[in-house]
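Subject: Handing over a structure

Dear colleague,

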Amino acid sequence: MTALIPIVVFLAGQFSMAIWWASKVSSQLDTLSGEVKGTRAEVASLRDEVQNHDTAIAVMRAVSKGQHPNGVGK
């Protein structure tokens, strides 16, 4: 029975290290999750800007085409 004490102490230490590691990883994943959410918001904003830009180009082309129906000024 006394021979089991070092093994139990060792396993308890390993268990506490596993708990510490899991909490550390969990904290890092929370940070990463926040960064991913921020990046997604930035991508959505950029997507809107591109869409607005594409719309503006289409409008300018339509206006130009209306001003120059024979194809001049494309």
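Predicted model: local features only at pLDDT ≥ 70, side-chain atom pairs only at ≥ 80, totals over all residues.

Thr-31 lies in helix α1, and its C-alpha atom is separated by 33 Å from that of His-53, which is 22 residues apart from Thr-31 along the chain. Arg-40 is also found in helix α1, but with a relative accessibility of 60% Arg-40 counts as exposed, because the cut-off for that word is over 50%. Between the C-alpha atoms of Arg-40 and His-68, which are 28 residues apart along the chain, the separation is 42 Å.

Turning to the chain as a whole, it contains one helix and zero strands. Its radius of gyration is 31 Å, well over the 11 Å that the globule rule gives for 74 residues, so the chain is more spread out than a compact globule. The C-alpha trace, taken along its principal axes, spans about 100 × 15 × 10 Å.

As for the surface, 1% of the 74 residues count as buried, and the accessible surface of the chain comes to about 6,700 Å², with 66% of that belonging to carbon and sulfur atoms. A nonpolar patch on this surface is formed by Met-1, Leu-4, Ile-7, Val-8, Phe-10 and Leu-11, which together have about 680 Å² of accessible area. One of these residues, Phe-10, has its place in helix α1, which covers residues 4–67.

Finally, with regard to charge, the chain carries 7 positive and 6 negative side chains, and the centres of these two sets lie 10 Å apart.

With kind regards

Methods
Residues numbered from 1 in each chain as written. Heavy atoms only, no water. Patch = residues over 30% accessible without salt bridge, like charges linked within 9 Å, V, L, I, M, F, W, Y side chains within 5 Å. Areas by Shrake-Rupley, 256 points an atom, 1.4 Å probe, with all protein chains shown as cover. Salt bridge = Lys/Arg side-chain N within 4 Å of Asp/Glu carboxyl O. Helix = DSSP H or I, 4+ residues; strand = E, 2+ residues; numbered from the N terminus. Rg over C-alpha atoms; globule rule 2.2 N^0.38 Å. Buried < 20%, exposed > 50% of the residue type's maximum accessible area, 1.4 Å probe, protein only. Lys, Arg positive; Asp, Glu negative; His and termini not counted. Charge placed at Lys NZ, Arg CZ, Asp CG, Glu CD.
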